[in-house]
Amino acid sequence: MPDTLPELLALPAALAAVAAGLWAWRHFHPVSFWYVLAYPLTAIGIRASWRKVALGCGLTKKRQRFWWTITPAALVSTGTVKVRRTFRRVAVDTKPWMWLPLPTRYGWRVTLRLLEGQIPADYSEAAERLAHSWGVHAVRVSSDKPGRIRLNVTIHDPLIRVDQIPPSPDLLKVTVGRLETGGAWLIDFTTVPHWINAGATQSGKSNLANALLVGLAPQPVALVGFDLKGGVEFTPYTPRLSALATSRSECSDLLADLIALMIGRMGQCRTAGARNIWQLPPADRPVPIVVLVDELAELYLMADKSEKDEIARISTALLRIAQLGRAFGIYLFCSGQRISSELGPGVTALRAQCSGRICHRVNDPETATMTLGDLDPSALDSARAIPAEKPGVAIVAHQDGQWYRARSFYIPEKTAEQAAHAYAHLTPDWADICAETKIPA
Ligand SMILES: Nc1ncnc2c1ncn2[C@@H]1O[C@H](COP(=O)(O)OP(=O)(O)OP(=O)(O)O)[C@@H](O)[C@H]1O
Ligand SMILES: [Mg+2]
């Protein structure tokens with residue numbers, strides 16, 4: 001028994017020193033703390049509690065197994081029941097087989113073997129229950145092989161703060177933000193040529209367009225703006241824009257130019273025996289054009305019948321670009337609050353051609369459904385759950401076929417304006433672009 005004061009205090013002092021050391025380790029080097037200490041303990045805990053968690057989340061199945069069971073055998077004269085242990089077939093709750101959880105930067109991932117009759121959607125439905133049971137931010141379900149699923153677990157929301165926008169050196173590929181997995185959120189026009197960017201007001205649509213502009217500004221591409229907010233968003237970026245339309249009639253004229261340009265490029269490719277501009281010799285290859293549209297719905301809203309023809313012209317031109325533009329180096333990035341069928345069949349057809357889908361916070365389930373459409377229903381739930389205090393967070397249909405929560409880098413207008421000025425010398429002149437691909441006689 002310690003009898004002096006220093007001896008009495010030694011144990012609490014040692015415990016306090018260990019606790020302070022652990023706190024400092026976690027605070028100053030969270031990555032090594034996670035991999036060395038927290039992850040092994042978490043993995044043991046997850047494996048040890050998996051039966052209970054699977055049972056609670058409704059992921060077990062009854063199976064007939066031989067099991068030692070205790071059954072009442074006889075009532076003896078003292079009134080106590082004599083029991084008998086027998087080995088017999090009984091229905092037992094079986095949990096899905098779990099591999100060893102593996103650490104990731106923001107949590108862990110684990111592969112499970114599905115039980116008979118189960119499908120990945122059963123786990124997507126139980127994802128929220130699993131997240132609460134494990135006390136983590138989110139559980140995402142993916143399946144790359146029949147009969148197996150992978151749970152990707154993020155402990156804390158990695159999208160609370162996303163760091164600085166990195167340079168995007170590859171042509172037509174821009175890293176615009178971070179995925180919830182910690183990976184880069186890439187908008188790659190060479191793989192996915194046309195994009196829909198939807199979301200309620202103040203959800204971060206224009207910020208994403210700014211990120212795209214900052215990424216594309218140093219590249220040898222022409223940028224064209226359709227700013228249906230009367231030009232307030234894109235006018236400051238005119239030094240880097242080859243053309244800007246700020247009203248519906250200007251858009252109609254600019255689209256006519258784009259269609260003529262596209263037809264010219266078609267002729268150029270046909271003459272050279274190329275299927276697209278990328279098969280042309282580099283010296284003859286026309287400059288790729290990225291068309292940024294803000295407030296898409298304004299192009300389709302009809303106040304009176306006199307606008308019908310103009311809307312029809314615009315709608316047809318946009319659709320033609322979406323259908324044929326990729327081969328001739330014309331790419332669309334359309335932002336809008338509602339991109340719904342009530343705006344007319346033109347919008348529905350355009351939406352169908354835009355395989356890149358981004359859905360920021362939305363007020364109504366229909367907008368999420370319209371934007372993300374055929375994705376997994378849990379993607380729609382996640383889009384509706386984006387809080388207003390996290391602008392820039394979006395659900396993204398990624399090119400790997402999965403959907404992800406992602407957040408764009410915050411690009412204030414000033415930064416985008418500076419980039420537009422800094423790379424103004426790279427802006428191709430619109431008249432030159434239109435002149436270079438005249439339809440061959
Ligand atoms: N990724 C982000 N990180 C932090 N803040 C952001 C981010 N994206 C947007 N914001 C903030 O949200 C505000 C609204 O963003 P933005 O203007 O892009 O919304 P919007 O969807 O274009 O709205 P509107 O429909 O009204 O044009 C911005 O001023 C900015 O402060
Ligand atoms: Mg906006």
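**Binding-site entries**

I looked up Thr201 and found it in the loop between β10 and α4 (205-216), where helices (H or I, at least four residues) and strands (E, at least two) are DSSP runs numbered from the N terminus. This is a predicted model, in which local features need pLDDT of at least 70, side-chain atom pairs count only at pLDDT 80 or more, and totals for chains, interfaces and linings use all residues. Residues are numbered from 1 along each chain as its sequence is written, and chains are lettered from A and ligands numbered from 1 in the order in which they are written.

The unreviewed UniProt entry annotates a "binding site" whose residues include Thr201 and Ser206; such annotations may be inferred rather than shown by experiment. Thr201 counts as exposed because it has 9 C-beta neighbours inside 10 Å (exposed means 12 or fewer other C-beta atoms within 10 Å, buried 20 or more, partly exposed in between, with C-beta atoms placed from the backbone). Ser206, which I found in helix α4, is buried, with 23 other C-beta atoms within 10 Å. Leaving out residues up to four places away in sequence, I noted that Ser206 touches Glu233, Asp294 and Ser335 (contact means C-beta atoms, placed from the backbone, within 7 Å).

**Helix-pair entries**

I then turned to α8 (residues 365-372), in which Thr367, Ala368, Met370, Thr371 and Leu372 are buried. Those buried residues pack against β10 (194-198), β15 (356-360), α9 and β16 (393-397). Pro365, Ala368, Thr369 and Leu372 in α8 meet Ala379, Leu380, Ala383 and Arg384 in α9.

Technical notes. Contact = placed C-beta atoms within 7 Å.
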